[in-house]
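Please keep the sequence and the model at hand while reading.

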Amino acid sequence: MATSIPPSSTTRARGAAIIPDDDDFDASAGPGPEVMDAATLIGDKVVNAEGESLGEIEAIMLDVRSGRIAYAVFSFGGFLGIGSKLFAIPWSALTLDAKERRFVLNVSKEKLENAEGFDKDRWPSMADTAWAIRVHEYYEVVPYWEDSRLASNPRTIRSFRDSTDESLGSTNRK
């Protein structure tokens with residue numbers, strides 16, 4: 001049975017939200033879901049809010065300098081892995097559904113089909129700021145490197161984009 005997931009806030013920049021597996025969750029009982037071995041997440045399914053399958057987690061990318069998870073890379077499309085495209089999804093755009101042991105990405109299949117993806121043999125430079133900003137804007141989440149500024153001054157992705165434009169000297173990016 002599909003679980004309906006409420007839309008994520010466009011101001012969330014911390015980490016993936018968590019839907020606990022039950023009301024009696026005891027964090028002292030062992031690993032997960034707050035702290036987990038990244039390797040155990042590889043292969044986890046990704047669904048949208050309607051419960052439609054979008055793919056599965058292929059890799060988890062760590063920003064080594066900040067010590068934060070930057071992206072989950074997952075595959076979408078193709079048949080039996082052939083012809084599938086990879087996508088870098090900002091970690092904060094995902095919600096861990098601990099009960100169903102899957103991730104939820106609040107996008108339609110159509111939006112994902114139009115997203116900037118890449119081939120398994122030609123990954124983008126994930127350290128490229130322009131690329132990273134485009135990815136975060138597309139999924140409507142504030143970049144993870146901005147989250148310390150957000151803690152004291154929450155903003156939407158639109159205001160983040162506007163302040164970035166100003167700092168880059170752009171007057172109109174539309």
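In helix α2, the buried residues are Trp131, Ala132, Ile133, Val135, His136 and Glu137, where buried means under 20% relative accessible area, exposed means over 50%, and partly exposed lies in between (1.4 Å probe, protein chains only). Helices (H or I, at least four residues) and strands (E, at least two) are DSSP runs that are numbered from the N terminus. The model is a predicted one, in which local features need pLDDT of at least 70 and side-chain atom pairs count only at pLDDT 80 or more, while totals for chains, interfaces and linings use all residues. Residues are numbered from 1 along each chain as its sequence is written, and side-chain values use heavy atoms, with hydrogens and water left out.

**The nonpolar core**

The largest nonpolar core holds 33 residues, and those with the most contacts inside it are Tyr71, Phe74, Leu105, Leu112 and Tyr139. Such a core is a set of buried Ala, Val, Leu, Ile, Met, Phe, Trp, Tyr and Cys residues joined through side-chain atoms within 4.5 Å. Two or more residues of this core come from each of β3, β4, β5 (85-90), β6 (94-97), β7 (102-105) and α2 (129-138), and β4 gives the most, with six residues. In soluble globular proteins, nonpolar side chains tend to be buried together.

**Salt bridges**

The whole structure contains four salt bridges, each being a side-chain nitrogen of Lys or Arg within 4 Å of a carboxyl oxygen of Asp or Glu.

| Pair | N to O distance |
|---|---|
| Lysine 45 and glutamate 56 | 3.1 Å |
| Glutamate 140 and lysine 111 | 4.0 Å |
| Glutamate 116 and arginine 134 | 3.1 Å |

Glutamate 116 lies in the loop between α1 and α2 and arginine 134 in helix α2, so this pair ties together parts that are 18 residues apart in sequence. Glutamate 116 is partly exposed, because its relative accessible area is 38%, and arginine 134 is partly exposed at 38% as well.

Lysine 45 forms its salt bridge with glutamate 56, and the pair links distant parts of the chain, with lysine 45 in strand β2 and glutamate 56 in strand β3, eleven residues apart. Lysine 45 counts as partly exposed because its relative accessibility is 44%, and glutamate 56 is partly exposed with a relative accessible area of 26%.

Glutamate 140 follows α2 and has a positive phi, near 55°. Glutamate 140 also forms a salt bridge with lysine 111, and here again distant parts of the chain are linked, since glutamate 140 is in the loop between α2 and α3 (147-152) and lysine 111 is in helix α1 (residues 109-113), 29 residues apart. Glutamate 140 is partly exposed at 38% relative accessible area, and lysine 111 is partly exposed at 25%.

**Surface patches**

Glu50, Glu52, Glu110 and Glu113 gather in a surface patch of negative charge. Patches are made of residues with over 30% relative accessible area and no salt bridge, with like charges joined within 9 Å and nonpolar side chains (Val, Leu, Ile, Met, Phe, Trp, Tyr) within 5 Å. Glutamate 50 sits in the loop between β2 (45-47) and β3 (53-63), and counts as exposed because its relative accessibility is 54%.

Leu62, Val64 and Ile69 make a nonpolar surface patch of about 290 Å². Isoleucine 69 belongs to strand β4 (residues 68-76), and counts as partly exposed because its relative accessibility is 31%.

Note on methods: Accessible areas come from the Shrake-Rupley method with a 1.4 Å probe; for residues, only the protein chains shown count as cover. Lys and Arg count as positive and Asp and Glu as negative; His and the chain ends are not counted. The place of a charge is taken as NZ of Lys, CZ of Arg, CG of Asp or CD of Glu.
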